[in-house]
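Q: I would like to learn how to read a model like this one. Can we go through it feature by feature?

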Amino acid sequence: MLRRSALREIKSSLGRYLAIIAIIALGVGFFAGLRSSRPAMVGAAQRYLGETRFFDFRVVNTLGSDDESVEALAAAPGIALAVGSVSTDVLCAFQSGDTALRAMSITEGVNLPTLKAGRMPESAGECLADSEHFTEADIGTKIVISEANDSDTLDMFAYREYTITGLAMSPLYMNYERGGTSLGSGQLAGFLCIPEDGFSTDYYTEIYLRLENEQSAYTDEYDSAVSAVKDRLTSLAEAESAARYERVVADAEAEIADGEAELADGWEEYRTERADAEAELADAYQELLDARAELSDGWAEYYDGLETYEREIADAEKEIADGEAELADAYEELLEGEEDYASGLLAMEVGDSQLQSGIAEYTTGLIEY
């Protein structure tokens, strides 16, 4: 009777019955899909994170970290690998304007980028670009660091231009969002992977760690492995942070001491050179006084000589005037002598004529006698 009643009800409302069956089938299908999609997604994530050597811990220090910090964390129990990394947000110049990108160093053994096109960088002036923001047409072009960045950011880069050699994905960005920033529009447009030599810093901005006991992510075993070292690693990181602070302070104090010693040497050198300079200045001043005295004596001699010269000139001019007067008198005497000579010559000619006449008369008289 119950079966006949149920069949009767189904026949009388077949459409509603089929709709209920369809809803149940759809719900079962969604449920089965959800149950099967999680293991598939987790498996894909586990394979990707394993292939890219995704980090287990990230240690950040406000003062940065150095090689000693990396070595100390690498020696911690349960840690297989510790790698220092450098990263910073930077404004890059494009034709459309400055764009904020995350620049990070390429690390060995952890957070390996997945090359999608092009090749890996081979020199410090090359880089990989975010495959979600750049295209293959951008390979070979240059990323220019904008001068709008502050001096601290600019000092972190060894170059102002980097050539894109390839496009890549990074396990640090497994979704399409690149995060926020204090630069530009407030959102990162993508990332750049630069060789460590492409940065000019002497410290690391973070340290990435990997566990010795590798376990697949999203499992209880992985959570247990992380929990086993987390507290100890946190204490070690805090101790290393304090040690890093002490090293920075010690280096600063050493630099201050060197600066003070250099300053003291500079003051001593300054005093010595000042004393020498003052002595040289005194000698030069004495030489100046002596030169002034010699110049005064020279001027006195010059004026004395000038007076003597003028006196000698006056005497010479007087002698010349007297000589010219004597020359004029002598010239007049010469003229008078020439007149007397002419008169005597004339008289001599007359006398000679008279002599000849006398001789003739004498001869005549002698003959007559």
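Q: Let us begin with accessibility. How does Ala264 count at 40% relative accessibility: buried, partly exposed or exposed?
A: Buried means under 20% relative accessible area, and exposed means over 50%. At 40%, Ala264 therefore counts as partly exposed. Ala264 is found in helix 5. One caution before we go on: this is a predicted model.

Q: What separates the C-alpha atoms of Leu192 and Leu345?
A: That pair is 153 residues apart along the chain, and the C-alpha separation is 136 Å. Leu192 belongs to strand 9. Its relative accessibility is 1%, so Leu192 counts as buried.

Q: On to pockets. How is empty space found?
A: A probe the size of a water molecule is rolled over the atoms, and this shows where empty space is left. In this model, the largest pocket has a volume of about 330 Å³.

Q: Which residues lie nearest the centre of the largest pocket?
A: Leu49, Asp56, Gln215, Ala217 and Tyr222 do. They are part of a lining of 15 residues.

Q: Which element gives the most to the lining of the largest pocket?
A: Helix 2 does, with three residues. Both helix 2 (14-51) and strand 10 (206-211) supply at least two residues each.

Q: How do the residues of that lining divide into nonpolar, polar and charged?
A: Six are nonpolar, five are polar and four are charged.

Q: Which side chain of opposite charge is nearest to Asp56, and how far away is it?
A: Arg210, at 4.6 Å. A salt bridge needs the nitrogen and the carboxyl oxygen within 4 Å. Asp56 is buried yet has no salt bridge. Look at the backbone too: the nitrogen of Leu211 is 2.7 Å from a polar atom of the Asp56 side chain.

Q: How many salt bridges does the structure hold?
A: The structure holds 14. One of them joins the side chains of Asp66 and Arg247, at 3.0 Å from N to O. Asp66 is in the loop between strand 1 (57-59) and helix 3 (67-74), while Arg247 is in helix 5 (residues 220-368), so this pair ties together parts 181 residues apart in sequence. Asp66 and Arg247 are both buried.

Q: What other salt bridge does Arg247 make with its side chain, and at what distance?
A: The side chain of Arg247 also meets that of Glu240, 2.6 Å from N to O. Arg247 and Glu240 are both buried. Shared partners join Asp66, Glu68, Glu240, Arg244 and Arg247 into one network of salt bridges.

Q: How far apart are the closest N and O atoms in the salt bridge of Asp89 with Arg102?
A: They are 2.2 Å apart. This pair links distant parts of the chain, 13 residues apart: Asp89 is in strand 3 (residues 87-94) and Arg102 in strand 4 (residues 97-105).

Q: Where do Asp89 and Arg102 fall on the accessibility scale?
A: Asp89 has a relative accessible area of 17%, so it is buried. Arg102 has 22% relative accessibility, so it counts as partly exposed.

Q: Which side chain does the side chain of Thr205 contact?
A: Glu206, in a polar contact of 2.8 Å. Thr205 lies in the loop between strand 9 (190-194) and strand 10. With a relative accessible area of 17%, Thr205 is buried.

Q: Last, the backbone angles. What is the phi of Arg53?
A: Arg53 is not a glycine, although its phi is positive, at about 55 degrees. Arg53 is placed in the loop between helix 2 and strand 1. Its relative accessible area is 29%, so Arg53 is partly exposed.

Q: What is the phi of Asn111?
A: Asn111 also has a positive phi, of about 50 degrees, and is not a glycine. Asn111 is in the loop between strand 4 and strand 5 (114-118). Asn111 is buried, with a relative accessible area of 7%.

Notes
Residues numbered from 1 in each chain as written. Predicted model: local features only at pLDDT ≥ 70, side-chain atom pairs only at ≥ 80, totals over all residues. Heavy atoms only, no water. 1 Å grid on protein atoms, 1.4 Å probe; cavity = no way out; pocket = protein on both sides within 12 Å on 5 of 7 lines; lining within 4 Å. Points joined across faces, edges and corners; volume = space filled by probe spheres on them. Helix = DSSP H or I, 4+ residues; strand = E, 2+ residues; numbered from the N terminus. Nonpolar A, V, L, I, M, F, W, Y, C, P; charged D, E, K, R; others polar. Buried < 20%, exposed > 50% of the residue type's maximum accessible area, 1.4 Å probe, protein only. Lys, Arg positive; Asp, Glu negative; His and termini not counted. Polar contact = N/O pair within 3.5 Å; in protein donor to acceptor, adjacent residues only side chain to side chain.
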